[in-house]
Amino acid sequence: MNIKALSFLLAPCLFAQAPPHLRGPLLGQKRPGKVPELFAPGIVNQGLPVRDLVISPDGKEIVWAIEFNGGPTTLVGVREEASGWTAPEVLPFARDSRRSFIEPCFSPDGQKLFFAGDYGTRPDGSRNVDLFVVARSDKGWGTPVPLEAPVNTEASEYFPSLTKDGTLYFCRDEMPQSRAHFLYRSRLVGGKYQTPERLPAQVNGEESQY
């Protein structure tokens with residue numbers, strides 16, 4: 001791992017305190033217009049590759065992934081409190097430098113966070129990516145747990161996304177050597193995710209939907 005990544009994880013709070021202008025919706029940033037602009041420079045965008053930004057349903061929490069060259073990808077978050085937005089901080093469960101945490105997605109009620117992550121490098125040098133979920137308690141985010149089979153498999157699963165009724169959509173890497181990625185849907189019935197079904201050809205029309 002590079003030194004920048006290591007120091008980032010050992011000192012998870014990116015600012016000693018939140019910048020004073022971090023107030024109001026969207027981190028106090030102006031509303032988006034027709035011309036794309038860099039979002040929250042110096043706060044979300046700090047010079048490292050940024051991806052997978054997600055906003056909670058109530059708009060009071062933002063989570064995104066930061067990549068390190070030669071190191072991990074981790075999840076960073078901010079929250080809007082009575083005093084304003086908190087300083088960006090690596091989420092407590094995402095500080096294991098041997099693993100990567102990517103592609104966060106809030107549940108419809110905002111009390112759970114789904115994401116894709118791995119268990120580190122296998123003996124053969126490969127990594128298997130699974131879908132995880134972590135629940136919020138009065139003390140903050142808890143300990144992530146992997147989704148049970150038949151959602152997670154020996155293949156890699158990516159990009160969780162949920163509908164209001166809890167239906168889970170995701171991408172599965174069925175044949176890694178061929179880069180064949182397909183979109184699946186798993187319905188939530190009785191609190192359990194059912195056997196995923198591959199979406200029809202109208203959606204999965206190409207070799208990869210990654």
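Me: Are Phe93 and Phe101 buried or exposed?

Reply: This is a predicted model, in which local features need pLDDT of at least 70 and side-chain atom pairs count only at pLDDT 80 or more, while totals for chains, interfaces and linings use all residues. Residues are numbered from 1 along each chain as its sequence is written, and side-chain values use heavy atoms, with hydrogens and water left out. Buried means under 20% relative accessible area, exposed means over 50%, and partly exposed lies in between (1.4 Å probe, protein chains only). On these terms, Phe93 and Phe101 are both buried.

Me: Why is the pair of Tyr158 and Phe159 classed as it is?

Reply: The ring centres of Tyr158 and Phe159 lie 6.4 Å apart. Their planes stand at 40°, so the pair is tilted.

Me: Which of these two residues is partly exposed?

Reply: Tyr158 counts as buried because its relative accessibility is 11%. At 32% relative accessibility, the residue that counts as partly exposed is Phe159.

Me: Which residues have the most contacts inside the largest nonpolar core, and which element gives the most to this core?

Reply: A nonpolar core is a set of buried Ala, Val, Leu, Ile, Met, Phe, Trp, Tyr and Cys residues joined through side-chain atoms within 4.5 Å. The largest has 28 residues, and those with the most contacts inside it are Leu27, Leu75, Leu91, Phe93 and Leu113. Strands are DSSP runs (E, at least two residues) numbered from the N terminus, and those giving two or more residues to this core are β2 (61–67), β3 (73–81), β6 (101–106), β7 (112–118) and β8 (129–137). With five residues, the element that gives the most is β2.

Me: What does Phe93 contact beyond its neighbours in sequence, and which ring cluster includes Phe93?

Reply: Contact means heavy atoms within 4.5 Å. Setting aside neighbours within four places in sequence, Phe93 is in contact with Leu75, Phe101, Leu113, Phe115, Val134, Trp141, Gly142 and Pro144. Ring pairs also join Phe93 into a cluster with Phe101, Phe115, Tyr119 and Phe132.

Me: Where does Glu103 lie, and which backbone nitrogen lies 2.7 Å from a polar atom of its side chain?

Reply: Glu103 belongs to strand β6 and is buried, because its relative accessible area is 3%. Not counting residues up to four places away in sequence, Glu103 touches Arg51, Asp52, Phe114, Phe115, Ala116, Tyr158, Phe159 and Pro160. At 2.7 Å from a polar atom of the Glu103 side chain lies the backbone nitrogen of Phe159.

Me: Which residue lies over the face of Phe182?

Reply: A charge sits over a ring if NZ of Lys or CZ of Arg is within 6 Å of the ring centre and within 35 degrees of the ring normal. Arg172 lies over the face of Tyr184, at 4.7 Å from the ring centre. For Phe182, at 4.0 Å from the ring centre, the residue is Arg198.

Me: How many disulfides are there?

Reply: Cys105 counts as buried at 10% relative accessibility, and Cys171 is buried with a relative accessible area of 1%. A disulfide is a pair of cysteine sulfur atoms within 2.5 Å. By this rule the number of disulfides is zero.

Technical notes: Rings of Phe, Tyr and Trp (its six-membered ring) pair if their centres lie within 6.5 Å; planes under 30 degrees apart count as stacked, over 60 as edge-to-face and the rest as tilted. Helices (H or I, at least four residues) and strands (E, at least two) are DSSP runs, numbered from the N terminus. A polar contact is a pair of N or O atoms within 3.5 Å; within protein, one must be able to donate a hydrogen and the other to accept it, and residues adjacent in sequence count only if both atoms are side-chain atoms.
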